[in-house]
Amino acid sequence: MAEILNLISTSSQNNEERYKFILDLLVSKSDVPFDKEEINAIQDTLLSLINNQLNHAATRHDGLKLLLKTLPRCSKDSLIKYATLWMKKALQTLESAQNDTIQVKSACELIARLAILFKDIPELQKQLSMQYVKQLIGHVYGLSEEKRSGAIFYLIAVLLYHYPEPCDKLQVTIRKLILPLMDSPLNNLVSIGAKCFALLTFATERSFQTQPNKAHLTAWTHSQILICNSLHETMDALFSGITEIEYADTSDKLTLPAISQSDIMVHYLGLERRFNNLCIFLSTTLRGCGLKNSVSPGNILKILSRGLFVTPAGLGNENAFRKQILHLILPNLHTSLLNVLDALISGFGKELIPYAQTILQLLQQILTWTEKVAENFTTLDGCRPYKNVRVQAYTSLSTWLTHVAALSGFESLCDEFLAHIVRDIVPEKDRVVLSVQKTHNMSKRALKRHRENQYDNNLSQSNLVTVSNPLSNAESAQEALIALQNIILHTGCRLKLSFYETLQNIVVALLYDCYLETSEQTFYRLDSSCRLQLLKALKMFQLNPHPSTPPLTQHCLEIFQMAQSDNDRSIIEEVKVCLTEVEKIVHPGAPTLRLPIEVDESRTEDEETNDNIVVPPNISSDVIPVNSMHNIGNSTEESLAASTTIMSVDKPVEDITDITSQGQSNSIAKSDAEKSTCELNDNNDSKICTSSTSETVIDGTLLQLKDLSNTEVGDSETLDISPRNQDDFSIVTTGKDFDTETGEPSIKRQGIEVIPSSATDNKDNKHLENERDSDDDITMLELFCDTIQDDK
């Protein structure tokens, strides 16, 4: 351990291998266990090494990188002790104009990490808010555009989120840093700049002042209006003089630099880039970066309707250079606007239900014009025209169905979407285009010449239309299937039967074609993701059946069993789950046995009293009466036959121990003579005893047993008289005489003995009565004979 510390402390020398060893120790070998004291020693040595490197300009960058790795492990005391030193050294790196972009990036990352950690320490948070925020923004603003990397805007985003009050006073400077990104070609900078713009709106929300004629505006809606008006201005510059679009007021907009018009190609590409970046800013503002947000739906839907109204058909077919450029950039503009629609739905969800028809009509309009392409038109990639626009339209439709569910209103426009979904999920096949020429006015010689030319030119082969790349349309099919799954899941039972059955039959047919032996190569056979989505669509049809058509249980079982031999692991796991779900539908589980029990409050006290009965010592009873409440649900005759037997006890407590088995038999026989008549209550199927004598006997017995249980008994046991099964049973106990040493009775629990049925009991009782009657007759006859003999 001492050698490792020595190695760390001496690595301040320009030894690259030792420096890499320390970085490796902090990253990949950080899970190696050490003693707690050794860990503290390593931490102190590392901090000393880092501070040494930060104090020298030549090694400051290495110190910053080491500190970035060590900072998450620093204690609060170490942070308070060295925070000021680390912040000053990082600021010196930003101030130095000689530092390159990599050093500036490391300094910004370190300052952002420190700003987050200072948030939990009040004294450091106050120091950063009052001293360093203004200084940091000033240094960042002074950097050249080449050095304004993503780390710079990450630092600005951290300050805007964690320290909104001091940043509110610097909003003008921060806005000047963000707005130039509207024309940036780097997507990562545009994305983080859009987040900074949304966070700036959040930071200035408290100080926002509404205009007298626009009292309904908030900071969020005002920022959205600024972006929307800038989008309107950009569209006017793109389509002015070419197509007629609706007029829009653009008085209140963002202050953006003008795009050069010296080169028409550069000008239009610059307008396209600005339009796309403005849409990214608007989408991020609508999502709100996880913060509380507000929106004016009318302004957003207006920019969407105005932009999506422009189609290639509206541009005309003139061979003008501007129109050709617009034909190329128009799909990209529509995709950006659909991203805005997706962000609007994701940010506000069910709040947009009043605009459901407008949203669905916009999506249906896009799917319609992207499908109207002449047969003689094709694409460079070999895919269907406007694939990216259709993919984004299906994505927005899935987002709408997911957030609004049954309130989407899709069932009212399902017929308009049917043809588009079928077109995208059914793969294209090779086909032959036949040309028919009228020959009825030709002479025989001309007709012969026409046939010879047709054979020579091989017209049938030249008219063969083949699919060059089957995978080119896989993405659009996959998004269409995901949209179909959401349609069936959220609006399945409300769809028209024709829509439901058509898509259901197509999905089943496509899966059979995919898993049966066919020579045709489609994107379902080549792309496992498409097959997976197709199987999920079949599962949705099975789990959400239409009330007017039978479910696809048999087809699902066959297809899912065939799919178990698929090569893709994700498909195998999915179909196993699907088979389990279908199995539960085919063979539903039995109802639970844990049914709720309604307890009669009037009888609760009696049951609790019966549960606490203690068996008297040395009773050798053959039958201990058990309340047969568990016969509820049996027939009336069986319930009456299994009535409770009550044992009458005439002996005092002190004589109970002397009862023999013969005496107990006599007691049982006597109790049979005093058996009460029970009536069956039709309302609750319970047995109500009507004998007052029986109630008296029960009360006296319980009182005697309660007095007996208070005496000092050795191993007396409490019997559980609750029902165990569907047959009556009793718990047999056998006892012995009192223990000669302790003078206490000993009781031993035996097994459970099932009471015979009532019919058997009646037969045995009758047999015992007959035996007793015969014995009595013999005795009386003997007495009569003795009396006669005495008289003689």
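## Basis

The model is predicted: local features need pLDDT of at least 70, side-chain atom pairs count only at pLDDT 80 or more, and totals for chains, interfaces and linings use all residues. Residues are numbered from 1 along each chain as its sequence is written, and side-chain values use heavy atoms, with hydrogens and water left out.

## Helices α5 and α6

Helix α5 spans residues 76-95 and helix α6 spans residues 101-118. Helices here are DSSP runs (H or I, at least four residues), numbered from the N terminus. The two axes lie 9 Å apart, at an angle of about 150°. Axes are lines fitted to C-alpha atoms over the stretch in contact, and angles run from 0 to 180 degrees between N-to-C directions. α5 and α6 are therefore roughly antiparallel (over 145 degrees; under 35 counts as roughly parallel).

The crossing is left-handed (the near helix is turned anticlockwise from the far one by less than a right angle). On the α5 side, the contacting residues include L79, W86, M87 and L94. Among their partners in α6 are V104, I111, L114 and F118. Contact means heavy atoms within 4.5 Å. By class, the α5 contact with α6 has 15 nonpolar, two polar and no charged residues. Ala, Val, Leu, Ile, Met, Phe, Trp, Tyr, Cys and Pro count as nonpolar, Asp, Glu, Lys and Arg as charged, and the others, Gly among them, as polar.

## Helices α22 and α25

α22 (residues 474-491) and α25 (residues 528-543) have axes that come within 9 Å and cross at roughly 15°. They are therefore roughly parallel to each other. This crossing is left-handed.

α22 contributes L481, I482, I488 and L489, among others. α25 contributes residues including L534, K536, M540 and F541. The contact of α22 with α25 divides into eleven nonpolar, four polar and one charged.

## N293 in its loop

N293 sits in the loop between α13 (264-287) and α14 (297-308). Its side chain reaches the backbone oxygen of L286 at 2.8 Å. A polar atom of the N293 side chain also lies 2.8 Å from the backbone oxygen of T285. Beyond four places in sequence, N293 touches W220, Q224, T285, L286, R287, G288 and F348.

## Salt bridges

The whole structure holds 13 salt bridges (a side-chain nitrogen of Lys or Arg within 4 Å of a carboxyl oxygen of Asp or Glu). One of them joins R384 and D424, with the closest N and O atoms 3.7 Å apart. R384 lies in the loop between α17 (356-369) and α18 (387-404), and D424 in helix α19 (residues 414-425), so the pair ties together parts 40 residues apart in sequence.

Note on methods. Helices (H or I, at least four residues) and strands (E, at least two) are DSSP runs, numbered from the N terminus. A polar contact is a pair of N or O atoms within 3.5 Å; within protein, one must be able to donate a hydrogen and the other to accept it, and residues adjacent in sequence count only if both atoms are side-chain atoms. Angles under 35 degrees count as roughly parallel, over 145 as roughly antiparallel, 65 to 115 as roughly perpendicular and the rest as oblique.
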